[in-house]
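Hello,

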Amino acid sequence: MTDNKMQIDGGPAAVAEQLKGANGEIDESLYSRQLYVLGHEAMKRMGSSNILIVGLRGLGVEIAKNVALAGVKSLTLYDPRPATISDLSSQFFLHPSDVGLPRAKATAPRVSELNPYVPVTVHPSDNLSSNLSQLSQYQVVVLTDTPLKDQLAISDYCHQHGIYVVITDTFGLFGTVFTDFGKNFTCGDPNGESPSSGIVAGIDSEGLVSALDETRHGLEDGDFVTFSELEGMEGLNDTAPRKITVKGPYTFSIGDVTGLGQYKRGGLYTQVKMPKIIDFEPLRTQLKKPELMMSDFAKFDRPQQLHIGFQALHAFAEEHRRELPRPHNASDTSEVLKIAQALASQGEENVDLDEKIITELSYQARGDLSPMAAFFGGLAAQEVLKSVSGKFHPIKQWLYFDSLESLPTTFERSEELCKPLGTRYDGQLAVFGKDFQDKIANMKQFLVGAGAIGCEMLKNWAMIGLGTGPEGSITITDMDQIERSNLNRQFLFRPNDVGQLKSECAAKAVQAMNPELKGKIVSLKDRVGPDTEHVFDEEFWGRLDAVTNALDNVDARTYVDRRCVFFRKPLLDSGTLGTKANSQVVLPMITESYSSSQDPPEQSFPMCTLRSFPNRIEHTIAWAKDLFHSYFVGPPEVVNLYLTQPNYLGTALKQSGNEKQTLETLRDFLVTEKPLTFDDCIVWARDQFEKQYNNAIQQLLYNFPKDSKTSSGQPFWSGPKRAPDPLKFDPSNFTHFAFVEAAARLHAFNYNINPKDASKEQFVKVLENMIIPDFKPDPGVKIQADDKEPDPNASQPAGDNDELQRIVDTLPPPKSLAGFKLEPVEFEKDDDTNFHIDFITAASNLRAENYKIATADRHKTKFIAGKIIPAIATTTALVTGLVVLELFKLIDGKTDIEQYKNGFVNLALPFFGFSEPIASPKGKYLGRNGEVIVDKLWDRFEVTNVTLQEFLDDFDKKGLNVTMVSSGVSLLYASFYAPSKLKDRLPLKLSELVETISKKKIPDHQKNVIFEITAEDQSEEDVEIPYVMLKLRD
């Protein structure tokens, strides 16, 4: 990608001062999660860009917020019009006291608080169109809430002068975005995915490449690859990328390989991302012949109709002094319809207009909805970032989207009910009417999580007035405190909030946005899980209307989902991963739940590969993280158990099954290798370098020499097995020294030894005085050669008692170390001063050097070792918009599953997919009165505290012969029990039965007990039936 094609200030070398931290580089502590989405190069390009955003109502401020958080050279706002009370329907940075002030002037100071590296100013002009040359200082111009004639004048000028244009608008539940990035726009990375790579198994004379072990290559037709480390066909190594044709999931062709010889063995292929050149047409051309993207494949003909409808609204406003049609006004709507029909007949293609769609568009034209602003604000901001970074494929060139399914059907809408009342909700009243607004205000909502999604969700809720009524309330819970890396996308938080509870700060921030929420939000710091069921008890769940998840881990989301199923509460769930997002609706008795489907398991690596045969940097990072634990976490914990647990050696140790290893750890950490000074820690660290990167490799090559063969006669070191070489320690080598420094400091931390700002000179002096003995391989050591073979060390004897006793005798008695304890290291990826990631980076890269694997920088290592979920504000804003559009349907009480949408979005492609939720699974059994249908997920039998005999009789009346009853791990009844055993149980009340068999009292806060039963129906077949809930108290 060339810089002159990007047409921004400077190029990759001109790293924006605004994005630099104290060390002159991009501030990774702030931008870390976003960097994993965009990369350093794209961030640098963004940091050279000046952006103008025109129009500061809800949509404009949403774009401004997202662009400011992302980090650009400068952000300029333009909107000289006075703020109105109706702007507060979605403009979260305006307060009631700002009414009458110029929108941009009132908004700019609040946007500037979002990111200290992005200067925010107000464009000094009363009329943009009167002097278009003033736009030359910007790389991107974003137009919202702008008349069509001004859009045309500005976009014509920008297209001619190489300035990128993004135009976006929302009208109620309708919205659009248009992009023009000029001719020859260079997209450097169209999809944002990591390049595919793999091991070559073979290349035939026709150029057909096979991947090793039938591993899917993940390539597509037209991709480019390079090769390295090939033996035979060396002419392919490290040459220009070759275009491929996919022949199957495990094979691809590189075309003619004449004259390159015959492939022998080995080699790697790596995909090369090639830039894509895209030509854009100006708005004036695209209005007549639009290039339309599809946002919802169920509405195939909708984009063409909305393209006409939006132009009709602009034409109407042009005739009525910029005033859009009034809500539900028949005469205005009639005029809009006539304009639309005239436009449709003038176009090159015949567009068949649906009058209902155009009528709704006219009815809602003055509508201003926060979730639509969130959706299009995230989308448009991402297009801005694409234009200046060249990262991800832009929208080309129009995208229309609507959510007409969100309109209420159980609440009346009319001109009277939708008219403005001079309130902050007027933009919402225009769409939904007053009665529905009252219903929104009286909802009782529970938000689980106040991170990135939680912040955006609360902003939307504050704008729509959720929970502000006399019966309404919002409960938020989040156990986490705010960290600096949160500030880049969790926009309710500011630098002075770092260290405080997320739930409390988020609640405070949205109450400032909408003062009507004061006294309506309850902030908690409890994790929602089995250990807090006394907090989130039956009474708590019982008073909720709906639940929204804003969680970033599957276990927590699954638990909340199961509670919602149990208490039959609707759940709205969503998640993001970089530019990807999804939303899901869970409806009692209608849909499946979040837990009904599972993501594929996390990738794991065979132990044998990690221990001896790594071939990818991911392998060495996983190995290094394990080494971190085995040095600085596990041993100190074992030592502390020995020092504090009575008779540890006699009880717990014997039960653990690895006595010898544990005793050797205790001996090493308490006797033979126990440091007294920081110099001792340096010595220990240098010894570990030798042990891991020289001795262990020499031992491996002793067991499997480089020329060794397998039992089938094939070279042992081939395919995924890369032959390593030992490393010779060099204190002047950055990575060698970094390993010793990090290891020494962490070892010192374990022993509470103060390094006293140890200098490099101190390290070098200690290292120079060390004598490292030569290593001799041990013929008795066995190493597993393949994961398919049994581990030769798995069944080794634990050592004879005499040997173990000799080690025990060397240990100091715990009493002699009273008050002494070690400090285990708690892994923390986001503290750049604690040497955790430094150690893992150095340890991983040294092992990569052993095996000639390309190393990874600290940034990539932190991403993989820390299992960081890449995040960017644009995706988060967009997905919460989708969730709130579904919330409107919940509030309306819709029961038709076809009206709901689960969403799947990838802003990088960009891709939008919507599907109706999957219905909950149904079952049946044959009862006394015929077939009975049950919902396998949501149905249950509810019983009172009757006796076991009455319980069995009740089910018999239903036509079910109960054969087994259990609660938790307690089997309460089985038809095969002897009569003598049942005699005592049958008369017992169910609660007494549970307490008697489990020998545990039912907690006072628990209002029910769950029973699982197996039974036969009238066909005498075992049937799958719902669980039973014993209701103890109301």
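Below is what I found, taken one region at a time.

Please keep in mind that this is a predicted model.

Let me begin with a sheet. It is open and has 7 strands, in the order β11-β10-β14-β8-β9-β13-β12, and the pairing is antiparallel. At its edges are β11 (242–243) and β12 (245–248), each of which pairs on one side only. Strands of a sheet pair through backbone hydrogen bonds, either parallel or antiparallel. For β12, the partner is β13 (residues 251–253): the two run antiparallel and 3 bridges join them.

Next, C608. The UniProt annotation "active site" covers this residue, though the entry is unreviewed. C608 sits in helix α18, which spans residues 607–612. Is C608 buried or exposed? It counts as buried, because its relative accessibility is 3%, and the cut-off for buried is under 20%. Leaving aside neighbours within four places in sequence, C608 is in contact with F613, Q784, A785, D786 and D787.

Finally, have a look at S967, which belongs to strand β29 (residues 961–967). S967 has 13% relative accessibility, so this residue counts as buried too. A polar atom of the S967 side chain lies 3.1 Å from the backbone oxygen of I1010. I1010 is also among the residues that S967 touches, not counting those up to four places away in sequence; the others are L972, V994, V1009 and F1011.

Happy exploring!

How values were computed
Residues are numbered from 1 along each chain as its sequence is written. This is a predicted model: local features need pLDDT of at least 70, side-chain atom pairs count only at pLDDT 80 or more; totals for chains, interfaces and linings use all residues. Side-chain values use heavy atoms; hydrogens and water are left out. Two strands pair if DSSP finds at least two bridges between them. Helices (H or I, at least four residues) and strands (E, at least two) are DSSP runs, numbered from the N terminus. Buried means under 20% relative accessible area, exposed over 50%, partly exposed in between (1.4 Å probe, protein chains only). A polar contact is a pair of N or O atoms within 3.5 Å; within protein, one must be able to donate a hydrogen and the other to accept it, and residues adjacent in sequence count only if both atoms are side-chain atoms. Contact means heavy atoms within 4.5 Å. UniProt positions are given in the numbering used here, feature names are shortened, and annotations may be inferred rather than shown by experiment.
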